[in-house]
Amino acid sequence: MAGSRVQDPYSSGPDRENDLPRGGGLAPAAAPAAGRPASADRFDRALSDLSALSYALLDTLDEAEILGLAMAHVEAVGAYRAEAGFVERGGGLIPAPANGRNHPSAVDRRVRELAGQDGPVTVPDRPWGRALGLRGLQRLHGYLVVTSDSEPTEAERFLLSTLVRYTAAALSLAFADRRLRDQAVKLQQVREQRTGLQRQLISVVAEQRYQRAVHTLLTDVADTGGGEEAVTRALHGLTGLPALVEDRFGRLRSWSGPSRPDPYPEPDPVRQDEMLHAVAREAGPVRIEDRLIILVRRHGEILGVLALLDAGGEADEHTVLALENAATSLALELAHMRNLAEVELALRRELADDLLAGTDTASAYARSEAIGHDLHRSHYIVVVQWSKRTVDDSFAEAVGRAAAAQGMRSLLTRRSDHVVLVADARPRARALYEALTVETGTHSGAIGVSAPCDSPNDISRGYQEAQRALEVRRQSREGYGTTFFDELGLYRILGPGNDYQQLEAFVHEWIGQLIDYDSRHHATMVDTLTRYFDCGGNYDETAASLAIHRSTLRYRLQRIRDISGNDLANVEDRLNLQVATRVWKIVLGGSG
């Protein structure tokens, strides 16, 4: 019927979202009037083409391809030309690839000016032009810019409106699919991030647990006073690698684990200093050859070296963490041990100094017990002097180590030119001297040893005896070695500084038993021996001077041998006995 409109089969009313916009766009067009068969045929063919196009549009999910198909089909729905197409991206509009390079820039500006609304577009030599929004349910998906050289007919408007709706519907599906794909990608990214965070969290938790375990274990070791052995055992258990502690000079103090060298190599002082300087320059552990090394320091002072033997390069960040914690724990332990040692050393030196000068017996016993030294035993005073060696703490420590290695427990002190040991055991012959030659690297030393001191009151006297023995050794032809005071014989009473007490001790040692025998039995054994020496050992002269028979003299001399334990035929014994009788008679006032 003439004047009637053909309804859009896809329209459900004037508010349907896919209708062409009302403000400045194409109003819904009527179908061609009846009675025009040629136009009706063209209209039907155009609708059929649009139907086929709709399948093609819905068959792809690529926005640019959809817009390209729509632009290519514009001319099929009327006397139109597609000037440009735009696709929404990130809140803005980008030209479609189908635009080519020839669409006017004014079209771009006009489309952006419309801000989402439909509106007229001016293109040279094209009287009619519209920018038609391609809208979905909630958003604008793009624009289709169409021009014509004449005002479109009602049928052409209807067909163009239908093309716009199909294109918008296809873009809605494409955009929805892209959102789903973007969401799927984002979801996958979120899942991957969550998995990564979970793994990182698990790793952090595991790391924290390991750190706590390391810290707790080594803190417990330090709190229980386990010392170096306990620290290296714990470190070996944590890392599986052999752990060791050396002092700052390179001497082994503790080793836990396999592969311990036997014997342990003697340190090279030059290489040791180079290693200490190299490690000290770094903040953490340093690898040197097959060892991972860290310095044990307290307030900048190097207390020792802690190391792991890592020939296979197995150490990781956990190994480094354990090594650093162990070094911290060991530093506290070694610093504590050093403080205790310094206090104990000071107390032991103070007691030794007082004993050498003479001190109260009860106080000496109490003080020695407090520092763990048994002063009730017999002691020997040992004086050590070494040529070309400064008598400092280092030398005193070397003497102490050598004495301890010989099984001698001692109190140690030092003077300006010698070191003094108050030792609970008599040094074995040359053992202490030879040990010190190894410690010092030279044989130019002398040692003097006193007779046994049975009480603290004897120690000051023993100190003088040890000095006398040292003096005799220094003045002898062989000036280096060890001299024992109780082996000096006559030399004990020769030289400056000898007093009545020393003379009396010498006499008592050699003829004390004879004096006691005479006192108990009212005998004259000492007098007989004195006369014998005065007569030059002549039997007849001695017997005559004593007014006894020669056989009686022979009997008495045999009794003297039995009682004293000395042999008159031995030159050394004979000399010492003669001097002792002379001192007894002249100096000590013995009976003649």
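The model is a predicted one, in which local features need pLDDT of at least 70 and side-chain atom pairs count only at pLDDT 80 or more, while totals for chains, interfaces and linings use all residues. Residues are numbered from 1 along each chain as its sequence is written, and side-chain values use heavy atoms, with hydrogens and water left out.

Let's start with the whole protein. It contains 16 helices and 15 strands; helices (H or I, at least four residues) and strands (E, at least two) are DSSP runs, numbered from the N terminus. Of its 592 residues, 44% count as buried, where buried means under 20% relative accessible area, exposed over 50%, and partly exposed in between (1.4 Å probe, protein chains only).

Next comes a sheet. In general, strands of a sheet pair through backbone hydrogen bonds, either parallel or antiparallel. Here, 5 strands form an open sheet in the order β7-β6-β10-β9-β8, with antiparallel pairing; two strands pair if DSSP finds at least two bridges between them. The edges are taken by β7 (252-256) and β8 (286-288), each with a single partner strand, so one side of each has no neighbour in the sheet. On average, neighbouring strands are turned by 25 degrees against each other, direction ignored. Helix α5 (residues 227-239) touches β6 (243-246), β7 and β10 (301-309), and its direction makes about 35 degrees with that of β7. Helix α6 (residues 269-280) touches β6, β8, β9 and β10, at about 80 degrees to the direction of β9. Axes are lines fitted to C-alpha atoms, for helices over the stretch in contact, and angles run from 0 to 180 degrees between N-to-C directions.

Most residues other than glycine have a negative phi, and most peptide bonds are trans. The loop between β7 and α6 holds S259, which has a positive phi of about 70 degrees without being a glycine. S259 is exposed, at 53% relative accessible area. P263 is in the loop between β7 and α6 too, and a cis peptide bond with omega of about 5 degrees joins D262 to P263. In the loop between β8 and β9 lies E289, another non-glycine residue with a positive phi, near 60 degrees. E289 counts as exposed at 68% relative accessibility.

Elsewhere, a hairpin of 4 residues joins β12 to β13. These strands, β12 (residues 410-414) and β13 (residues 419-423), pair in the antiparallel sense over 5 bridges, with T413 opposite V420 in β13. The rest of the structure largely encloses β12, because 4 of its 5 residues are buried.

Finally, the axes of helices α14 (residues 539-546) and α15 (residues 550-564) come within 9 Å and cross at roughly 100 degrees. That makes α14 roughly perpendicular to α15, a label for angles of 65 to 115 degrees, with under 35 being roughly parallel, over 145 roughly antiparallel and the rest oblique.

Note on methods
Contact = heavy atoms within 4.5 Å.
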